[in-house]
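Dear colleague,

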Amino acid sequence: MGVTFLALYFFRRFAGFAVTLFVAALIIFLLLDLLPGDPARFILGINATPEAVAALRDQMGLDAPAHERFFGWIGGMLTGDFGISTTQRLPVSQLIAERMAVTLPLSLIAMVVSIAVGLPMGILAAMRRGKATDTALMVLAQTGVAIPNFWFGMLLTLLFSVTLRWLPTGGFIPWDEDPGATLRGLILPGLALALPQASILARVMRTALVDITEQDFIRTARAKGLTKSEAIWRHGVRNALLPVLTILGLQFAYLIAGTIIVENVFYLPGLGRLIFTAISERDLVLVRGATIALVLVTTLTMLVVDLTYALVDPRLKGRDA
Amino acid sequence: MALVELADLTIAFGGRPAVSGLSLRIERGDRFGIIGESGSGKSLTALAIAGLLPETATVSGEVQFDGVPLPADERALARMRGKRIGMVFQEPMTALNPLMRIGEQIEEAIALAELSEAAQTLLPGLLGEVGLEPGHAARFPHQLSGGQRQRAMIAMALVSQPELMIADEPTSALDVITQRTVLDLITEICTRRHMTLLFISHDIRAVAALCSRVGVMRAGKLVEQGDTEAVLGAPKADYTRRLLAASRMDRQAALIKPHDRPLLAVKNLSRVYQQAGFWFWRNPPLRAVDEVSFEIGAGECVALVGPSGCGKTTLARMIVGLDSASEGHMVLDGSPYRGRDLPPLLRAGLSLVFQDPFSSFDPRMSMGDSLAEPLHLLGRLSGEEQAARLREAVEAVGLETGMLKRYPHEFSGGQRQRLAIARALVTRPRLVVLDEPVSALDVSLRGEVLHLLSRLRAEHGLSYLIISHDLDMVAAMADRVLVMEKGRIVEEGTPEHLFAAPQHRLTRALMAARLPDVA
Amino acid sequence: MTWGAIRQHPSLYIGLIAAAAFALLGLISLWWTPYPIEQIAIARRFHGPMAEHWLGTDHLGRDMLSLVMSGTLTSFVVAALGVLIGVGLGVPMGLAAVAWGGALEWLVLRLSDLTFAFPAIVVAILIAALAGPGETNAIIAIGVFNIPVFARVARGGALAVATQDFVAAARLAGLGNWAIAVRHLLPNIMSLLIVQGTIQLSLGILAEAGLSYIGLGTQPPATSLGLMLRDAQSLFLIHPWLSVVPGLTIVFVVIALNIAGDGLRDAMDPRLRREGLAHGAG
């Protein structure tokens, strides 16, 4: 029965994911494609000749009925075809994939750093609750949460690039030229992104662990002969990680969006730059493709969190046993 | 030498003492019971013996275990606790780690007792001793019933063959039949293993049945201690006498004779829940209430008893109109209804008193506003009329109208339950459904509330439907008892009849689970 | 408020007073700033702090203190309107989900899932692509982000309240779903909402800064703390001061709000500790 339940749960979550994505695509489509005004004229600007507008309309397939265009777009995306950028004349999927080579590693670096720093901080603070270590760590986290990541990026550049000259101020060297240099270029932006995330994680971890510490089963563990910190370590941390997992998922989803802001500080050619160029050049096909890509990543992360949850928490899968 | 010796123990939180000047000795082989109501400091005393008090507590006085003060070093204290003291707590659901299998949790205790080489053989033996099957070791806590979880806790406490077993209200979260089997298990194990027991409970009868010596605690002080027969047979302290009196429930004389004409008729009522599932995996629907029929006469007091999950609460919810029947219907005073479709004026004719007086009032609303809420059902009433209704209801339960301006947190549990009864009376109903009306109250208050209910019934000619698992209370209050199991009524009769010669297996089990009266 | 209460929750009052001070500073800028913020004087640019200009001047010679005052106001207003949108739409959604249950609850949950799929920046991008950047853009983006946050907080809180017997008592008294939501659920989740509101306000200020910094939010000639950082972007390696002033202001405002939020949570109800920065990932 347990396996069936799990399969059922996975199926439901997956269906929910698909529906959310579909509706999100519909919203994006309606906003960018059906709003009053002619997209072709919007793209070409007010001074375009009627012939140019008509040509573009024809090329974009705008004369087809709306539902045909929508399902054409959806169908294309299912086969990996996100359309052709009107300004760059390249497949949108290719443009996004190029930029993801910057955005994705950057988000991953930030995620790894924030986990490596935030979780131990939170655990330590919870273990030393009410003591000086706890207060110091929480003041640190309180400050970290309040610092805008892009501003922190500026400060990091001032210190490590301008004053100490350890790391580059910005720019991006493609991975296939010199991966080491690429990585060095991502260190500061990664740190800038990680700071607030690590602070949030530290706070969430501490709260979760403090809550768990007050639960009866920690007392049971102590009654068995464990000291308080042994009991928290062996029984508390695993339980406290469950609520943290949810936050972690949200964070990763928003990190990807957050890179758009931070890559500005370091002149990185990430997804953000692509989108801003697309907006200023009125490349709606590209904007549409890039936003649905961001929504896809966000939704996918939530799905992964939900599924992981089901695997980690026996209470979810074993309800019928 | 005493195994446990407390001398002038005082435990305080933020300067306020929760236990003060407590001294007691527990000899080896004793079965010591501490009786006390909530907030009496009995659990804190137990935690102090095991060195498990919260860090915020300030402790003075002395705790000696086996002639030696508790070690100051945390690790030494923890290991001593693990080897020499076993503990069983009240709530077995939260006392077990939800993410670990039962077997793993017991094995951890085995490892800590430093008996690991014997672990292979120890686990099945322990499970057997507490009445679990070997297969239960692979389960997670949420996959066991409450009783099974408590057995697992006991197994864990037994691992190190402790000299002292502390059981803090080990049965109060369990249902009646399970309560008795767990109590019997603890008795049996203590006898077999010659283990010293510290048993903590608010239930004087459980202590009397289990313990050789007792201490009675009230407001942080030990008011009396001694051999069980001496203390309970000839109590010296006034408080002990009151507790004893409250534990005996006298038959509340029915002052009025019920009419034969039915006030409420329940006809083939069923409530069916669709279970979670999907297409062909769907589990069969759960029939929480399954074709139940009965009648309540005007002025009659009917009790509905049964183990938890038998459907008695679902049935009550349909009768008062909080839920709707899937099949069948009810007839109140000649008007048929299915549940939620109960029209306002008919709704005013019946009311419900909840089990927990602490959650039955909105903390953000004054008592007066809460009590006036049901008056909506009567249509628009003038301010004077409303005030008159409130006064009538409040005075009927022996409280003053001045109290209506206050908020719920300013009242004690007993006062709140009186006010809850007042709210139930404010629309002058004819049928009042009482859902475990006294089980959330301290023992010493239960008698008064039951007495109040009987008086109101006589004065206002009320009909009662009492939902309960407490056979003694039911025997004291009801004219007629219905026994319910798995959604069906399996036996019916007057309390005298039913309890003297129970026919159905469940009724017999319920009777057998009753603890003997004290003294 | 009594002295006893202040001593019991010092952080609450420190945070509240500091946040109020910044808000007041912003409000004053409506009527008075040391210098007009649009007054450009290239001759006096890049001054450090001095007697006439307490916080110095920027690359156009504008008075930094005046800019910070006005920018703080914009940041507060944008964040507060974002919270208002979130509360106004999210709380009724959450309450309705609990009071009615069933299909409506399902719909609310799916709607909030859907909104979660749109990070604030994606909303801002979409609106910017349609209508161009601006303050309204930031307000809507932050508002949309806040809707599911408040819907979930309201639903979570109301679910816990709805299991209490007094809600059943109200149903017995013949109250409908709407009356129960307004009379019993809402008052009992008020403290939760106030705490979450404070947290979202501080997140909103951070989000406004981020959006304005990348050019999707506030546009000149108006100013905001994020826009000041955008202006400082190309110069900050040579004139770091220009980015230090607005940056530190953001940090102080956000810390003040967070401390106030934490303090409120502790003071109002110890049970609320569980919630908190759970939605702080934006």
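The largest nonpolar core holds 329 residues, and those that touch the most other members are B:Ile466, C:Ala124, C:Ile125 and C:Ala141. Such a core is a set of buried Ala, Val, Leu, Ile, Met, Phe, Trp, Tyr and Cys residues joined through C-beta atoms within 7 Å, where a residue is buried if 20 or more other C-beta atoms lie within 10 Å of its own, the C-beta atoms being placed from the backbone. Helix α3 of chain C (residues 64-100) supplies the largest share of this core, namely 18 residues; helices here are DSSP runs of H or I with at least four residues, strands are runs of E with at least two, and both are numbered from the N terminus.

Before going further, please keep in mind that this is a predicted model, in which local features need pLDDT of at least 70 and side-chain atom pairs count only at pLDDT 80 or more, while totals for chains, interfaces and linings use all residues. Residues are numbered from 1 along each chain as its sequence is written, and chains are lettered from A, with ligands numbered from 1, in the order in which they are written.

Chain C has 10 helices and 0 strands, and its C-alpha trace spans about 75 × 50 × 30 Å along its principal axes. Of its 282 residues, 58% count as buried.

Which residues does C:Ile125 touch, leaving aside those up to four places away in sequence? They are A:Ile275, A:Ile279, A:Val287 and A:Thr291 in chain A, together with C:Leu216.

Chain A is itself divided into domain 1 (2-78) and domain 2 (100-313), with bounds that come from an automatic or database domain assignment. Their centres, taken over C-alpha atoms, are separated by 32 Å, and 14 residues of domain 1 are in contact with 13 residues of domain 2.

With best wishes

Conventions: A residue is buried if 20 or more other C-beta atoms lie within 10 Å of its own, exposed if 12 or fewer, and partly exposed in between; C-beta atoms are placed from the backbone. Two residues are in contact if their C-beta atoms, placed from the backbone, lie within 7 Å.
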